[in-house]
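Open the model in a viewer and keep the selection tool ready. Each stop below says what to select and what is there.

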Amino acid sequence: MGQADHALDEDEVALLALLAADGAPADSNEIRGRLGWEAERYASACGRLEERGYIVAGPGQGKTVGRDLTVVPPEFRTACGRPGSRVTVRQAPVTVPYALCDLTGVILSYPGRGGAAVPDTPGSGVANSMGFEVQVDAHTQDVTVTVSGEAGNA
């Protein structure tokens, strides 16, 4: 899981945009056709994303490809790309990569600390007086949740 701390390039973003948010595998030939890319360009983008731990290739020689959600904690997976969904964070601090799981507008909470909706502006954040904080990275748009202080007494 060699995720880099930088934004994805245009090809990586385009490829990820065609992959299901839930990690369901997609046919590589169909994805490549929808992108209108030659095999080399597609393979290069797939290779970079696989190296970063964002995608996983299915069995066989490039037959399927899907988002690798193993780096996304289980409680977040069903909320990816679903604004208004609710997630109870189980462990903090935690960072969820935007490239794999768009949490924009998702309502996050932590037991005994309240919660907040994930802001839609990169570089912004939300915090409350109970020590719960959600921050959206300005470059990668990754979401980080932190909790400070003792429960009930931040």
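The tour goes through a predicted model, from a strand to a helix and then to the salt bridges.

**Stop 1: strand 3**

Select residues 64-67, which make up strand 3.

**Stop 2: Arg-67**

Stay in strand 3 and select Arg-67. What does a buried arginine without a salt bridge have around it? The nearest side chain of opposite charge, that of Asp-22, is 7.5 Å away, and a salt bridge would need a side-chain nitrogen within 4 Å of a carboxyl oxygen. Polar atoms of the Arg-67 side chain lie instead by backbone oxygens: that of Ala-99 at 2.7 Å and that of Leu-19 at 3.2 Å. Show the contacts of Arg-67 as well; among them are Leu-16, Ala-17, Tyr-54, Val-56 and Leu-100.

**Stop 3: helix 1**

Select residues 10-17, helix 1, and colour Asp-11, Glu-12, Leu-15 and Leu-16, which are buried. Look down the helix axis: these buried residues fall within an arc of 130°, so they line one face. The face turned away from them carries the exposed residues Glu-10 and Ala-17. To see what the buried residues pack against, display helix 2 (28-35), helix 3 (39-52), strand 2 and strand 3. At the start of helix 1, a side-chain oxygen of Asp-9 comes to within 3.0 Å of the backbone nitrogen of Asp-11.

**Stop 4: salt bridges**

The model has five salt bridges. Select Asp-11 and Arg-41, whose side chains meet in one of them at 2.6 Å, N to O. Asp-11 belongs to helix 1 and Arg-41 to helix 3, so the pair ties together parts 30 residues apart in sequence. Asp-11 counts as buried at 17% relative accessibility, while Arg-41 is partly exposed at 41%.

Next select Glu-12 and Arg-48, with their closest N and O atoms 3.0 Å apart. This pair links helix 1 and helix 3 across 36 residues. Glu-12 is buried, with a relative accessible area of 1%, and Arg-48 is partly exposed at 25%.

Finish with Arg-90 and Glu-75, which form a salt bridge at 3.9 Å, N to O. Arg-90 sits in the loop between strand 4 and strand 5, and Glu-75 in helix 4.

Terms used
Residues numbered from 1 in each chain as written. Predicted model: local features only at pLDDT ≥ 70, side-chain atom pairs only at ≥ 80, totals over all residues. Heavy atoms only, no water. Helix = DSSP H or I, 4+ residues; strand = E, 2+ residues; numbered from the N terminus. Buried < 20%, exposed > 50% of the residue type's maximum accessible area, 1.4 Å probe, protein only. Lys, Arg positive; Asp, Glu negative; His and termini not counted. Polar contact = N/O pair within 3.5 Å; in protein donor to acceptor, adjacent residues only side chain to side chain. Contact = heavy atoms within 4.5 Å. Arc of directions from axis to C-beta. Lists of a residue's contacts leave out its neighbours within four places in sequence.
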